[in-house]
Every structure is written in structure tokens, then in C-alpha cells.
Amino acid sequence: MKKILFPTDFSTTASNAFVYALHLAKSINAEIFVLHSYEMPIISTTSGGQPELIQGVYESIELNNFERYKNEGPILRKVAAEYGLEDVKLTFIFEEGLLLMNMKRIIKDEAIDFVVMGTNGNHSLEKKLLGSNTVNVINSIDIPILSVPAKAKFRSLFSFGFATMLNESDKVGIDRIIRIATAINAEVKLLHVLRKENREIVDVIKKWKEYFNNDKVKIYTVLNPNLEESVFYFIDEHLIDVMCIVKRQLNFFERLFTSSLSKQLSYHSDVPVLILPQPKQV
């Protein structure tokens, strides 16, 4: 059985991502570890020599966090039942400390396969992790992370997209995507954008098709000097359910989804992004 780690602060964004986590878990026969992490505030010791007062404050904060966690657990189980996914195994973890450190420890101790988390640049869960964006946490974790936008609504997991320069180094990541997609009978659609005419590309694509030798893997080429525009139209035209990237593409995708063009297209804003670890150098 696969294992998914789902960090949550029980917000709307996080709860929306939980539905994706449930569907993914059902599709690949996985269980979900639901993590709620909280931090204790630093209280000045200049409180008139009353350490018991400080201890009482800490105990009150911990109790309030635990009561909220205890109440939210049944709500998430009810969400699972509403989607007919109550058979997905849920394990609830309540931890004090830095969220990122708790995540890394649980990933190691429980041999977690995926992280699923809701993302919204101004969201408190992300601020706990790294301030205003998810890049640092992505760089700190070496397993796939499914980043689910706040507006995303689960529709299907039939089509995985990946933009490639057709470099040999991309094959490791694509092979990993294919394994994930195969487990849920999904297609993998690869996009290669040509900035200018290249007659040799036909032979390169032929070799790539021979390498993958899989009817579920499709390769599309587009001649367009505007790479960002090509990626957006690829997502829209081919109804991509999950866009996949490797870590080295993060800077490009950050620019892509904050560009003015992104405001002109709607579908992409609902599409989760699966971030894969950088393939290890051999």
C-alpha cells in the first residue's frame, strides 16, 4: 500500500486539496497520513518570576489546538464518505513544532510516497512552511508533491502533461510519471515547443516513441517562439488534469503562472501540479 502525507491547517484551501488526496489514494491503493502541526509562541520570561504562568499559557494553547484537531478529524471522515471514499485509510497525526521539520521526519519514519497539499500564495499553511511560496519546501523534500490550487475541483485523473526539451535527462522523470499514470489508467502527454524549424526533430521524436513504446504516451510538437503561450494552450486544448514538472523547471513555472497571459486563460488555474524530485546524477 502506498502512503500519502497530507499537511493541513483545516482551511478551505487545505480541505479542497484533501479531496484530491482521497481520489489519488483510492486510485493507487494508498493510505493518507493527515498531519496538523502547530507552533508554540515564544513568551518573554520577564513575567515577574512566575514560570507557572507561562506553563499555563502553553498548556492552554496546546489544549486549544488539540480540541480543534479532535473536532476536525470527524469532519474529514465525513468528507470522505460524501465522495464514497470512506474505505481510504486515514491516520491522524498531531504534532507541535515546525511544519517542515515534522513533515521531513514523518516522510522518513513512515516511508511516505507522495505529499499532497493545497497551495495559495497568501495562505497561512504556506506561510508556516516558507513565507509566501512553496519553492523552499519543494526543494527540501525528495518525494513527489502534488500541489493543488485553491480553485481546483476534482474532475478526473485521466491526463498527465509534461513539457520537455527532449533531453535525455527528462526520461527519468517521465518514466516516473508513466508509472503513476499507468496505475490509474491515465495518459501521459508530452509537449515539445520548437522556437524555430528543426528538421531533425522528426527522428528524435521517433526514437523517443521507440524508447517509451507505450500507447498511453503521446508526444506533441508546437512551433511557437512563445514558450509560455504554448504551454497554456497545451493544458487547455488537451484537457490536462495534472501538469508535471521536475524541480529544475520551478523557476520557469513560477514565471509562467504569474504572467499576464495566465490571466487570459482559465483552465490552467484549476490544474494541480505534480512536482517530481530532481533525478539523481549517476
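What share of the 282 residues in the protein chain is buried? Buried residues make up 51%. Here buried means under 20% relative accessible area, exposed means over 50%, and partly exposed lies in between (1.4 Å probe, protein chains only).

This is a predicted model, in which local features need pLDDT of at least 70 and side-chain atom pairs count only at pLDDT 80 or more, while totals for chains, interfaces and linings use all residues. Residues are numbered from 1 along each chain as its sequence is written, and side-chain values use heavy atoms, with hydrogens and water left out.

Start with the overall build. The protein chain holds nine helices and 10 strands. Both are DSSP runs numbered from the N terminus: helices are H or I with at least four residues, strands are E with at least two. Contacts come next; a contact means heavy atoms within 4.5 Å. Among contacts between residues at least 6 apart in sequence, 82% join residues at least 24 apart. The accessible surface of the protein chain is about 14,700 Å² (Shrake-Rupley method, 1.4 Å probe; for residues, only the protein chains shown count as cover). Carbon and sulfur atoms account for 51% of that surface.

Now the confidence. pLDDT is the predictor's confidence in each residue, from 0 to 100. Its mean over the protein chain is 79, and 72% of the residues reach 70 or more. Strand S1 (residues 2–7) has the highest confidence, at 94. Helix H4 (residues 124–130) has the lowest, at a mean of 42. Over residues 122–133 the pLDDT is below 50, and this stretch has 30 contacts in the model beyond near neighbours in sequence. Residues 259–267 also stay under 50, with 17 contacts beyond four places in sequence.

Last, the charged pairs. A salt bridge is a side-chain nitrogen of Lys or Arg within 4 Å of a carboxyl oxygen of Asp or Glu. By this rule there are seven. One of them joins the side chains of Lys89 and Glu31, at 3.7 Å from N to O. Lys89 sits in the loop between helix H2 (51–82) and strand S3 (90–96), and Glu31 in strand S2 (residues 30–38), so the pair ties together parts 58 residues apart in sequence. Lys89 is partly exposed, at 47% relative accessible area. Glu31 is buried, at 8%.

Arg105 and Asp109 form another salt bridge, at 3.6 Å from N to O. They lie four residues apart in helix H3 (residues 99–110), separated by about one helical turn. Arg105 is partly exposed, at 35%, whereas Asp109 is exposed, at 52%.
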